[in-house]
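Please read the following note alongside the sequence and the model.

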Amino acid sequence: MRSIRLKIFRGTSNSGEFKEYTLEVEEGMVVLDAIHRLQATQSPDLACRWNCKAGKCGSCSAEINGKPRLMCMTRLNDLPVNKTITIAPLQTFPIMKDLATDVSWNYQVNKKITPFTPKSNAEWHWEQKDIDRIQEFRKCIECFLCQDVCHVLRVHQKHSVYAGPRFFVRMAALEMHPIDSADRLPFLKTDAGLGYCNITKCCTQVCPESIAITDNAIIPLKERVVDRFYDPIFILFRKLFKKK
Amino acid sequence: MSNNSLGATARRDLWWLEPAGTFAVLVLFIAYAAWVGLSGTHYEWGPYLSPFYSPLFKPTWWPFSPAILVLIVPLGFRTTCYFYRRVYYRAFFMDPPACAVGEARKHYEGETKLLVFQNFHRFFVYLAVVFLVFFVIDDIHAMMWPINGILPNGQMAPGPKTFGIGLGTIIMVLDLIFLSFYTFGCHFLRHLVGGSLDCFSCSKTKETRHGIWKIISKLNEHHMAWGWISLGWVTFTDLYIRLCSMGIIHDVRIF
Amino acid sequence: MDAKYTTHEFDVLVIGAGGAGLRAAIEASANGLKVALVCKSLLGKAHTVMAEGGIAAALGTVDSRDTWQQHFADTMIGGNLANHWQMAQIHALEAPDRVRELEKWGAVFDRTTDGKGNINVRHFGGHTYKRLAHVGDRTGLELLRTLQDRGVHQGIEVFMECTVYSLLKKENRVVGAFGYFRETGSPVLFKAKSIVLATGGIGKLYRVSSNSWECTGDGFALGYLAGAELADMEYVQFHPTGMVWPPSVRGLLITEGVRGEGGVFRNNLGKRFMFDYIPPKYKDKYASTEEEANTWFQKVIVEGRKEETVKERKPPELMSRDVVARALWTEIEQGRGFEHGGIHLDIATRRSAEDIKKKLPSMYHQFKQLADVDITKVPMEVGPTCHYMMGGIKVDPETQGSTIDGLFAAGECSAGMHGSNRLGGNSLSDLLVFGRRAGLSAAEYSKKIKTFEQIDESELDQLNHEMNRPFENPKGENAYAILSDLQQVMEKGAGMYREEKGMMNCLKELDQIKKRLEKVSTEGNRMFNPGWHTALDLRNLLIVGEAITRAALIRRESRGAHTRIDFLNYSESFSKTRVIVKKSAQEMQVSSENLSQIPKDFEAELIAKNILNEVVLNQLRGKIAAH
């Protein structure tokens, strides 16, 4: 048993402030445990999302000492515990209450993406190597930490013209599917605002599933967009040989 | 509660160290490259040629340093490279300076407007691959030593040549290797050889392309490391040859 | 319109957005109906994401000997014949189609390496052949994400972070549901022609549990309070391998896949003890010596040979969960456990570090990040954890209809499919097969109903007042303290091992907790207030806790997950009955009814094909001694 100090945002989008708490903790606890203990002993109405407590559902995203992380996967041991630990809600989304934010925008973006559209004459056989890439993308647990840290959303608030790393990952998984037939490149270039990404890789750095978002999803998509819309040689080649 | 002025963050770590460090290193490199590029001297010693001046192209109508004519390729290649873009967007444009740290800029267009030219990275890649061939030729030259030795002014003595290796040869060959690892780990090449395919097992050709794609993917994972190493080494290579040429140090003939 | 409460009207209302709920909603919506999906969390966070191992379906892509009949038999034997045989049959028959359908909707399963590019399947406890279609160790996530994307593009309306507090009825028919939005706390009324309950499990009832906060038995309680019958409530599955350290993750699941990939148990004497715990029903199927098990491991797992070409039998670590959990519990009880009260599960000495990271990536990370343990170097310490509820709302095996008109149930909150013990992998297939059927039946039912019923406003006022009580009570005990006591009571009185005296005592204590709950108080207001949510969820947990204890008291035998210290054997008479719990005016009413038996000719056919074994059947039916 030892005691730690926490500074947690309390309030709503209208008004709120950081409140300090002192809490007894034990060996091996994660930040989410500390929040639970706070709820049980001091502040039962402290709002925070969580579900699996094992880094598999992506509910308990927050900013711990300024870094976007999952609370259930952040051990107190790994933080400087002799100093006050700051826990804030995700900055990119509107605050609902305390640590819970309104992430509904993400669900709206997802709806706009053309769903999986298998080729009509598809054969449902393929090799593991065809799907290794996609399986990496499908590890995504939708914690939205990448959306939170991406400065295009976080700082520049381009929510209306930019889909964010999470959905580039999703679209990469669809685009690279061996039998998907839909074309999402025009959408990627315009509505999804792929060009706003300046590949500064913060999304990759915060991804709790270690998906190489920038290198494996975003840049390959950027290259596909260049093939289609920018590279004069490729465009000419397609025109000459009528390849789509 | 969001505060987006430059540097605003709740982070406690030394987040500014990385952008500040990169800034310093890149500024030093740019200054050195500019000085070297504009100097037009001391880029050759014996069989060695500085990579900054390769391929050596000295038309009579060109009054300036010959490096200016060729440096555009490696500079363009690195400037439009996805890895360097990340680096200088952070360190120079502070867009963002570090993850979850506020920025100064209010207006942001990303790579949609002015920076859309980044999409032409691939043309620099083609040229950079061609340049690798020049470097191979340079390295072969660096193994051809005049039987009569090197003159005090660094020129090769006239007469027949023979195979030989100096410390500079090794430095140049390493430079070629590092540059190749960097160049062939390129995101565009990865896309070109296989990344653009959706199905790898669908034909024999595609199977082969998948094989190459996997190799490039491996290199690509360390694209950043090779980017830095090759940058440092190319500078060192030039410096070594320059110092030999200036007579400050003396090359060691190994073989 | 009821102006006082926000009101929505839907043909089909699905409560719960895990695999079963999503699959039901997709099916109902595909039938052209207006469908709402209500869930307590955000969409895509349901407990289904925790399913790791795979989806059991007799695809036969790896082992051609596999058939639906064998899957049926494995399910029945695994469930110790307490299953509703017809559900087990429908499940085994339809599971392969549901898996292939999932792939057509975009799921990306691991592939076979034989060059044919089929869906790969893996071993799991209690399954005779390799049978689990999987995606690494995150199959649940893949399933949920696939259904989620399918669902939202099909026009299902999703109400996230919304809790249903009560079902509304007219005579014996459900007509709607009343609840609140978690964010604002504001009440909401859903009028519906039919309702599908797919609310998942009850894990929060026990102290050591693999379940999330959501698993508070809502569907069981909502159904029960509406008058639906619950069945098989005594069967609560404890998974043998939960984490035991650090304390904050106690109970967190370690996938059976670890054993599927070659992991073995050892006690503090270094002994691989599972060979001592093989029950008669598994004597023929599992290796009797370490040498035999190791040879099988070498040939099948390491060299990847086809199992049918190997004469050795499987290692006993791969037996069904009830058997393995009891073995671990016994070893720990008898003092052969390790420092944190667990048993060692060792994969480090069995596979290369590279293989472990590739085959069990999330296990590797889970231990690395949460316990600072590198499972490629040292063994994991594990112990039993509450995992799954086999019992639930009694449903018709074909339509998933409950005993109340218009009310359907699917997935974990329905009863019958798994008998007294669920096999790994059977829950994902269960929720696909019966989720679809429930959605279909609900749609057909709704089509016959012409109009929405008027709801009596005073009834809603009453419910809203009830929900508000924690704020109105004078400052007293908070919900977390009560929850923690409830968990202790259940663990002690109706946990893995049960006996009459303990259960009687447990009922008394539950009664006291019920009284305390009436006085529970909450700070703050209705806006996103977890303390208040917990207070309301406690009602459901208490109902489920009591139902489990009362049902367990009635069943005077040991069967599957239900182990009675005072009645250790299978009983012939109990083998033919199932326990039913129902609400009556005063208190919980418990009764038994006949359990439908496998038709004689079907059974004979399976015995003739060597798929079922008559001796084993007789043991499970208590006709001949088994222990």
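**Note on the predicted model**

1. Leu6(A) has Ile85(A), in β5(A), as its bridge partner. This belongs to the pairing of strand β1 (residues 2-11) of chain A with strand β5 (residues 85-88) of chain A: the two run parallel and are joined by 3 bridges. Strands pair if DSSP finds at least two bridges between them; strands (E, at least two residues) and helices (H or I, at least four residues) are DSSP runs, numbered from the N terminus.

2. The model is predicted: local features need pLDDT of at least 70, side-chain atom pairs count only at pLDDT 80 or more, and totals for chains, interfaces and linings use all residues. Residues are numbered from 1 along each chain as its sequence is written, while chains are lettered from A and ligands numbered from 1 in the order in which they are written.

3. The order β2-β1-β5-β3-β4 (chain A) describes an open sheet of 5 strands with mixed pairing. Its edge strands, β2 (16-25) and β4 (67-70) of chain A, each pair on one side only. From one strand to the next, the twist averages 35°.

4. Helix α1 (residues 31-41) of chain A packs on this sheet and touches β1, β2, β3 (61-64) and β5 of chain A. Contact requires that the C-beta atoms of two residues, placed from the backbone, lie within 7 Å. The direction of α1 makes about 95° with that of β2(A); angles run from 0 to 180 degrees between N-to-C directions, and axes are lines fitted to C-alpha atoms, for helices over the stretch in contact.

5. Chain A has 10 helices and 7 strands. Its C-alpha trace spans about 70 × 40 × 30 Å along its principal axes. Among contacts in chain A with a separation of 6 or more, 62% are between residues 24 or more positions apart.

6. Which chains share the most contacts? Of the 2 pairs of chains in contact, this is the pair of chains A and C. Chain B and chain C do not touch, and their nearest C-alpha atoms are 10 Å apart.

7. In chain B, the axes of helix α6 (residues 187-195) and helix α7 (residues 204-221) come within 8 Å and cross at roughly 160°. α6(B) and α7(B) are therefore roughly antiparallel to each other, a term for angles over 145 degrees. The residues of α6(B) that meet α7(B) include Leu189(B) and Val193(B), and those of α7(B) include Trp213(B) and Ile216(B).

Terms used
Angles under 35 degrees count as roughly parallel, over 145 as roughly antiparallel, 65 to 115 as roughly perpendicular and the rest as oblique.
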